[in-house]
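Hi,

Here is the structure I promised to send over.

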Amino acid sequence: MRYAMAVDTRKCVGCSDCVVACQTENNVPIGYCRDWIVEVTDGTYPQLEMEIRSERCNQCVNAPCVRCCPTGASHFADGGIVLVTQTECIGCGACIASCPYDARYPHPDGYVDKCTFCIHRIKNGMKPACVDVCPTKCLYFGDLDDPNSDVSAVLRKRKYKTLIPEAGTKPQLYFLI
Amino acid sequence: MNEEVIVSGRMNQMVDPHLHIWHWQISLYLFLGGMAAGILAIAAVYYIRGRENDYKTAVRLTPFLTPFLLVIGLLALFIDLRHKLFFWQLYTNIKLQSPMSWGAWTLMVITPISFIWCALHIRDIFPAWDWKFKWLWALDGFFNKYKKALAWVMLIYAIILGIYTGILLSAFNARPLWNTSILGPLFLASGLSAGAAATLLLSKNEAERKQFARIDLVMIGIELFLIIHMFMGFLASTQVQIEAANLFLGGQYTMSFWIFVVALGLVIPAILEIMELGRYHIPVLVPAVLVLFGSLMLRFIIVYAGQVSRWLY
């Protein structure tokens with residue numbers, strides 16, 4: 001089992017619904033977020049090209065945050081999801097410094113927090129909150145080992161990229177281009 | 001032209017400073033730990049080589065600083081933790097891939113050793129010192145008997161501590177400035193230099209001072225060599241590391257690095273120590289304090305600049 005997500009940069013309009021859905025679903029403290037929108041504009045006016053990405057933790061296969069954690073609080077759960085056990089986290093910040101995607105933040109309660117792919121929802125057969133709420137249906141989630149999952153199907157059909165693959169993290173967030 | 005706009009309330013260093021996760025506590029600890037490592041390594045080497053009577057200050061007196069340095073350093077690390085009451089979990093886990101785990105366990109060994117080393121020499125400072133209890137005298141006798149073994153363990157752990165302060169940072173490929181294996185040896189050399197400077201400050205013996213000025217000079221030479229190699233490596237590497245190097249070559253940390261670390265912390269004390277070894281008489285306070293200051297600034301600048309450097313995407 002290998003959970004992954006695909007983000008269709010051609011359909012995403014950058015409405016931030018995924019951000020708000022995540023904050024609500026996961027009770028993320030005000031001012032923080034586990035996912036976010038990046039808009040990149042390339043070119044010179046009037047020849048401009050814009051890419052909009054809904055970004056979150058890349059749930060890396062070779063996750064530097066898991067490697068550098070001194071207590072084992074950062075760990076891989078089923079399906080390769082990178083999780084933080086709150087009661088094992090000492091809040092040293094090593095994982096935050098180690099993440100090339102800057103996907104983690106220090107929760108005001110002291111532990112480090114991040115995207116969980118809404119593991120509590122997946123276990124109940126639901127999709128992550130951001131995927132469910134997306135009004136343009138640009139987020140695809142599922143098990144890469146299952147050829148019939150949404151994410152496997154869309155990755156077969158479309159061209160995609162990952163973010164900084166040269167960092168060697170083997171990210172599992174795919175951007176359809 | 002490439003313009004990147006980030007929309008949303010995320011914690012991003014381009015939006016707010018929350019991702020600057022390590023502050024003065026880490027820099028201070030890296031300095032104090034490195035200096036303690038330097039002092040203990042030098043003391044152990046001279047004890048093992050049987051030169052403790054030639055270099056009394058380095059073997060017997062300067063190590064008295066190390067329990068304070070290490071305890072203050074540990075306190076700084078503790079202040080840095082955000083989930084403080086869970087700190088003990090560092091010691092219920094051994095994670096070989098995590099430099100911080102290595103560091104926690106190394107400190108667990110070297111801190112008690114620094115206390116024991118001081119206890120073994122306390123009667124050199126207070127000749128009338130009495131341990132009061134029989135079992136303390138017995139312990140004193142035990143460690144005196146196996147002092148050479150203790151010195152070897154102390155030497156090995158001091159070197160691990162000195163290198164680890166650099167590895168702690170260099171293990172992060174997400175921060176290109178830190179991601180160079182030069183940082184380990186560089187911080188070790190800087191720690192040894194700071195350790196030599198501490199003895200230089202405390203020693204009253206002319207011959208010992210000259211020897212430690214020489215040690216310091218060698219370490220400064222090694223540091224300059226490693227710094228040059230670090231920049232050569234960065235500039236011959238990928239764009240992210242070229243940009244990391246550019247933080248010091250025209251970027252925002254240029255002035256502070258070249259003035260505080262290289263000029264004040266390395267070159268000027270080296271010149272003063274060369275003059276001291278020659279005919280001139282230099283107040284020993286000046287080069288020693290400059291070396292300590294440069295060593296502290298090196299940690300501060302590397303820790304802060306590293307968190308500015310990032311991957312481009």
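Below is what I found, starting with the contact between the chains and ending with one residue.

Please keep in mind that this is a predicted model.

**Where the chains meet**

Chain A puts 44 residues into the contact, and chain B puts in 40 residues. On the side of chain A that touches chain B, the elements giving two or more residues are strand 2 (36-44), helix 2 (64-68), helix 3 (94-98) and strand 6 (105-106) of chain A. The top contributor there is strand 2 of chain A, with 9 residues. Sorted by class, this side of chain A holds 25 nonpolar, 14 polar and 5 charged residues.

**Strand 2 and its partner**

Strand 2 of chain A also pairs with strand 3 (residues 47-55) of chain A; the pairing is antiparallel and runs over 9 bridges. If you want a spot to look at, Val38(A) has Arg53(A) in strand 3 of chain A as its bridge partner.

**A look at Arg121(A)**

You will find Arg121(A) in helix 4 (residues 119-122) of chain A. Setting aside neighbours within four places in sequence, Arg121(A) is in contact with Met126(A), Lys127(A), Pro128(A) and Ala129(A). Arg121(A) and Glu25(A) are 96 residues apart in sequence, and their C-alpha atoms are 9.8 Å apart in space.

Best wishes

Methods:
Residues numbered from 1 in each chain as written. Chains lettered and ligands numbered in written order. Predicted model: local features only at pLDDT ≥ 70, side-chain atom pairs only at ≥ 80, totals over all residues. Contact = placed C-beta atoms within 7 Å. Helix = DSSP H or I, 4+ residues; strand = E, 2+ residues; numbered from the N terminus. Nonpolar A, V, L, I, M, F, W, Y, C, P; charged D, E, K, R; others polar. Pairing = 2+ DSSP bridges.
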